[in-house]
Each structure stands twice: as C-alpha cells, then as structure tokens.
Amino acid sequence: MRKSLTCTVCPLSCDVVLEIGENNEILSLTGNKCARGKVYATKEHTAPERTLTTTVKTKGGSLPLLPVRSDQPIPKPMLKKAMEATADLVVDAPVKMGDIVIENFLDLGVNLVASRDLDRAH
Ligand code: SF4
C-alpha cells in the first residue's frame, strides 16, 4: 500500500511517500529532502500526534469562551476523547496566557493551558 503525506516540519512542505507492507511496516520512504522528514513521516505513520486546540466556557470572565491548547501534542486517537473532556469544563476568570487549566490532562502527561489572557467581567 502506498501512503502520501505532507511533511509539516518546515515551510518546504515536502510530499513524502511511504510504501507500507502487509504488517503495516514501512518498506520505503521517499520524497523527504532531509532526515527530519523521515523522522516526521515515520512517527506520523506509527504514532501520530496532534496539539489539542479548543475553547472552554468561562465563569465571571469578560469573554464567554477561553481558547486553550495542550502544551504538547497528544496521540491523535485521543483527540476526540480530549475534546469531549473539555466540553463541560468551566474556567474561572481571571486567567493569564499560559496558565495551566488542567494539569496532566487525561493522564496523558500534558497540561491544558490558556492560549490568551482573560480578564474578569466588569
Ligand atoms: S522533509 Fe525536511 S526539507 Fe522537507 S518539509 Fe520536511 S523538514 Fe522540510
């Protein structure tokens, strides 16, 4: 099976092509212009990760929603569960950008942090 992906490590955005064997192993990897692309494509095939970005409700804040993100990427298969876990979350204002909203989010070893300041409502 052939699998194509775009390397997002640098702005060159190389098209990387992987030949995948019957046991999901990588038989060949081409199109990357540097070693970082090989690392990226290998990880993307074996254990893809994404940074979670979403918004959570606020209490007493100047805005109804606060943008938050995981401070490190999390396994891609966990994104849906992570989004669901933030649905009922309410954060008390005020908040500073970078403040930890939830420590060790879902036991994933990452923190959920505020992506902006949020003042109290006047
Ligand atoms: S393979 Fe290398 S040169 Fe190409 S986009 Fe990835 S990091 Fe950049």
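Biologist: Before we start, what are the ground rules for numbering and confidence?
Modeller: Residues are numbered from 1 along each chain as its sequence is written. The model is predicted, so to speak of a local feature takes pLDDT of at least 70, side-chain atom pairs count only at pLDDT 80 or more, and totals for chains, interfaces and linings use all residues.

Biologist: How many helices and strands does the protein chain have?
Modeller: The protein chain has 2 helices and 10 strands. Those are DSSP runs, numbered from the N terminus: helices are H or I with at least four residues, strands are E with at least two. From the N terminus the order is β-β-β-α-β-β-β-β-α-β-β-β.

Biologist: And which domains?
Modeller: Domain 1 covers 2-46 and domain 2 covers 53-114. Such bounds come from an automatic or database domain assignment. The C-alpha centres of domain 1 and domain 2 are 31 Å apart.

Biologist: What is the radius of gyration of the protein chain, against a compact globule?
Modeller: The protein chain has 19 Å, while a compact globule of 122 residues would have a value near 14 Å. The radius is taken over C-alpha atoms, and the globule rule is 2.2 Å times the number of residues to the power 0.38. The C-alpha atoms fill a box of roughly 60 × 30 × 20 Å along the principal axes.

Biologist: What share of the residues is buried?
Modeller: 15% of the 122 residues count as buried. Buried means 20 or more other C-beta atoms within 10 Å of the residue's own, exposed means 12 or fewer, and partly exposed is in between; C-beta atoms are placed from the backbone.

Biologist: Switching to the ligand. Which residues surround the ligand?
Modeller: Cys7, Val9, Cys10, Leu12, Ser13, Cys14, Asn32, Lys33, Cys34, Arg36 and Gly37.

Biologist: Where is Ser13?
Modeller: Ser13 sits in the loop between strand 1 (2-6) and strand 2 (15-20). Its phi is near 50°, a positive value in a residue other than glycine. Most residues other than glycine have a negative phi.

Biologist: Why is Ser13 called exposed?
Modeller: Because Ser13 has 10 other C-beta atoms within 10 Å.

Biologist: What about Asn24, what is its phi?
Modeller: Asn24 has a positive phi of about 65°, although it is not a glycine. Asn24 is in the loop between strand 2 and strand 3 (26-30). That hairpin has 5 residues between the strands. Asn24 counts as exposed because it has 9 C-beta neighbours inside 10 Å.

Biologist: How do strand 2 and strand 3 pair?
Modeller: They run antiparallel, joined by 4 bridges. Pairing takes at least two DSSP bridges. Ile20 has Ile26 in strand 3 as its bridge partner. Strand 3 is hardly covered, with 0 buried among its 5 residues.

Biologist: On to strand 6. Which side chains point to which face?
Modeller: In strand 6 (residues 65-70), Leu66, Val68 and Ser70 point to one face and are buried.

Biologist: Which strands does strand 6 join?
Modeller: Strand 5 (residues 53-59) joins strand 6 through 5 bridges, antiparallel. Thr55 has Pro67 as its bridge partner there. Strand 10 (residues 112-114) joins strand 6 through 3 bridges, also antiparallel. There, Ser70 partners Leu112.

Biologist: What does Val56 contact?
Modeller: Leaving aside neighbours within four places in sequence, Val56 is in contact with Leu65, Leu66, Val68, Thr86, Leu89, Val91 and Val101. Contact means C-beta atoms, placed from the backbone, within 7 Å. Val56 lies in strand 5. Val56 is partly exposed, because 18 other C-beta atoms lie within 10 Å. Val56 and Leu89 are 33 residues apart in sequence and 6.0 Å apart C-alpha to C-alpha.

Biologist: Last one. Which peptide bond is cis?
Modeller: The bond from Ala93 to Pro94 is cis, with omega near 0°. Pro94 is in the loop between strand 8 (90-92) and strand 9 (100-102).

Definitions and conventions:
A residue is near a molecule or strand if its C-beta atom, placed from the backbone, lies within 6 Å of it. Two residues are in contact if their C-beta atoms, placed from the backbone, lie within 7 Å.
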